[in-house]
Amino acid sequence: MSSDTLPSPSGPLAEAPPGAGPAAPRIVPRRRTGQWAAAVVVLALLALAVNSVLRNDAFQWDVVADYFTTASVLRGLWLTLWLTALVMTLGFVFGTLLAVMRLSANPVLQAVSWGYVWLFRSVPILVQLLFWFNIGALYPRVLGVRTVDLFGPVTVAIIGLTLHEAAYAAEVVRGGILSVDRGQVEAAQALGLGRFRRWRRIVLPQAMRAIVPPAGNMLIGTLKGTSIVSIIAVQDLLYSVQLVYHRTYQVIPLLLVATLWYIVVTSLLSVGQYYVERHYARGTRR
């Protein structure tokens, strides 16, 4: 009798038909009592935390709703988004130039690029901003113009954040370029492709797979990092809510307004990063 016609066993070691071997034991799924118990405990603690936040009158959710879309808050949000986009664009343009200098055969360019990255990654961004904000103490006039008139708070924020981001962008771009197999570049050279076409068709599409994930993290980090410019009176999102709660003394609900806006924007950026990563990961196993 073939195995296809054997009756289903009624127990772990059911009797086999005459002439057949012993029946295979029944497979019993492994009980994961510990995992389920841990999941229940975590969910219970999470429910208690959410309940305490939503039902605690000290959070003043009605005040949060009133100020969430006020004109001053939205202006601060717009400045934060504009500053993030400008700093990331300028930072990656300058960082790409630094990466190319680091990968060049010229030892002077290599040393200058390495020194720049070393310096600006070593100094905290707050110190850099305060230094640029007080640059007038070193250079009272630039091109016949008073430095305090030339470098306003927003200009100082753009310069400080861009120089800081360029140092990190240079390493991200350099790592992406180095991730491309050298053999593919040599094969493109053997086919007679020019340098520009090699970079556009061979190097850049593959390098983007390694560049996009850290670049996305840098973008989100820059968005949150712009809150530090409030220290030099740039009216970003955080500074806008600070102006309100200095007047109304409603500190917690106004900080929640800023927190919720940061969560909304970073969530949208994370979704965009996912689709960009998926675009450049086409044709590869993930």
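## A salt-bridge network and its surroundings

In this predicted model, E171 and R102 form a salt bridge in which the closest N and O atoms are 3.3 Å apart. Side chains of opposite charge can pair when their charged atoms come close.

E171 also forms a salt bridge with R174, where the closest N and O atoms are 3.0 Å apart. Here both partners lie in helix α7, three residues apart, which is about one turn of the helix. An α-helix has 3.6 residues a turn, so residues three or four places apart point the same way. The count of salt bridges comes to two, and R102, E171 and R174 are linked by them in a network.

How buried or exposed are the members of this network? The table gives the relative accessible area of each residue, and the cut-off that matters for reading it is that buried means under 20%.

| Residue | Relative accessible area | Class |
|---|---|---|
| R102 | 23% | partly exposed |
| E171 | 21% | partly exposed |
| R174 | 19% | buried |

Leaving aside residues up to four places away in sequence, S113 touches L98, M101 and R102. With a relative accessibility of 1%, S113 counts as buried, because the cut-off for that class is 20%.

### Helix α10 and what covers it

Within α10, the residues L237, L238, Y239, S240, V241, Q242, V244 and Y245 are buried, and their cover includes α2 (61-67), α3 (71-103) and α11. After α10 comes Y249, which has a positive phi, near 65°.

V251 is placed in helix α11 (residues 251-280), and its relative accessible area of 34% makes V251 partly exposed. The C-alpha atoms of V251 and V241 are separated by 8.7 Å, the two residues being ten apart along the chain.

### The chain as a whole

The protein has eleven helices and two strands, and along the sequence they follow the pattern α-α-α-α-α-β-β-α-α-α-α-α-α. Of its 286 residues, 31% are buried. Among contacts with a separation of 6 or more, 73% are between residues 24 or more positions apart.

The accessible surface of the protein comes to about 18,500 Å², and 65% of that area belongs to carbon and sulfur atoms. On the surface, L43, L46, V50 and L54 form a nonpolar patch, with about 400 Å² of accessible area together. One of these residues, L46, is found in helix α1 (residues 33-55).

### Confidence in the prediction

The average pLDDT of the protein is 83, and 86% of the residues score at least 70. Among the elements, helix α4 (residues 107-122) has the highest mean pLDDT, at 94, whereas helix α8 (residues 182-190) has the lowest, at 70. Over residues 1-6 the pLDDT is below 50, and this stretch has two contacts in the model beyond near neighbours in sequence.

Notes
Residues are numbered from 1 along each chain as its sequence is written. This is a predicted model: local features need pLDDT of at least 70, side-chain atom pairs count only at pLDDT 80 or more; totals for chains, interfaces and linings use all residues. Side-chain values use heavy atoms; hydrogens and water are left out. pLDDT is the predictor's confidence in each residue, from 0 to 100. Helices (H or I, at least four residues) and strands (E, at least two) are DSSP runs, numbered from the N terminus. Contact means heavy atoms within 4.5 Å. Buried means under 20% relative accessible area, exposed over 50%, partly exposed in between (1.4 Å probe, protein chains only). Patches are made of residues with over 30% relative accessible area and no salt bridge: like charges are joined within 9 Å, nonpolar side chains (Val, Leu, Ile, Met, Phe, Trp, Tyr) within 5 Å. Accessible areas come from the Shrake-Rupley method with a 1.4 Å probe; for residues, only the protein chains shown count as cover. A salt bridge is a side-chain nitrogen of Lys or Arg within 4 Å of a carboxyl oxygen of Asp or Glu.
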